[in-house]
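Reader: Could you take me through the charged pairs and the pocket of this model?
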Amino acid sequence: MKHLLFLLIAFTLTSKAQTSKVLEPKLENIAWIAGTWHGEAFGGITEEIWSEPSGGSMMATFKLINDGKVTFYEIEVIREVENSLILQLKHFGPDLKGWETKDETVDFPLKEITENKVIFEGMSFEKISDSEMNVYVDIEDKGKTETVKFNYKK
């Protein structure tokens with residue numbers, strides 16, 4: 001009986017240790033995203049550059065290069081809004097003509113932050129190490145949603 005009780009306690013402690021602690025929706029808790037990141041996606045080379053938190057936001061630029069030419073750009077921000085965070089972005093063609101209308105943004109409200117993940121509705125960031133992260137983006141096309149993984153390295 002003592003052996004069974006010991007196993008039960010050990011299992012409970014191990015399970016709690018593996019559970020990620022939920023963090024407050026503050027930019028300081030996601031500052032690990034900041035930096036210059038490179039990867040591959042959509043058959044090309046990607047670059048995403050995130051600023052350090054300042055002024056209640058983080059800012060990023062993204063570009064996709066296929067066959068030596070820019071396919072598209074993005075400007076992204078994560079802002080502190082009403083005790084939460086929101087990720088907003090706009091797409092631009094290689095000629096800097098916007099995909100969205102003038103006042104339209106693509107918005108991803110925050111769901112949860114843990115020590116190694118930032119989960120927005122439709123996009124999440126996963127810290128693998130100080131020099132590697134994965135970004136997962138839900139992309140809708142013709143009524144179907146596909147989650148695309150971007151593996152980035154500094």
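Reader: How many salt bridges does the structure hold?
Author: The structure holds two salt bridges, a salt bridge being a side-chain nitrogen of Lys or Arg within 4 Å of a carboxyl oxygen of Asp or Glu. This is a predicted model, in which local features need pLDDT of at least 70 and side-chain atom pairs count only at pLDDT 80 or more, while totals for chains, interfaces and linings use all residues. Residues are numbered from 1 along each chain as its sequence is written, and side-chain values use heavy atoms, with hydrogens and water left out.

Reader: Which residue pairs with Lys 153?
Author: Lys 153 forms a salt bridge with Glu 132, and their closest N and O atoms are 3.5 Å apart. Lys 153 lies in strand β10 and Glu 132 in strand β9, so the pair ties together parts 21 residues apart in sequence; strands are DSSP runs (E, at least two residues), numbered from the N terminus.

Reader: Is Asp 130 buried or exposed?
Author: Asp 130 is exposed, at a relative accessible area of 62%, whereas Lys 127 is partly exposed at 23%. Buried means under 20% relative accessible area, exposed over 50%, and partly exposed in between (1.4 Å probe, protein chains only).

Reader: Changing topic, which residue classes make up the lining of the largest pocket?
Author: That lining has 13 nonpolar, one polar and three charged residues. Ala, Val, Leu, Ile, Met, Phe, Trp, Tyr, Cys and Pro count as nonpolar, Asp, Glu, Lys and Arg as charged, and the others, Gly among them, as polar.

Conventions. Helices (H or I, at least four residues) and strands (E, at least two) are DSSP runs, numbered from the N terminus.
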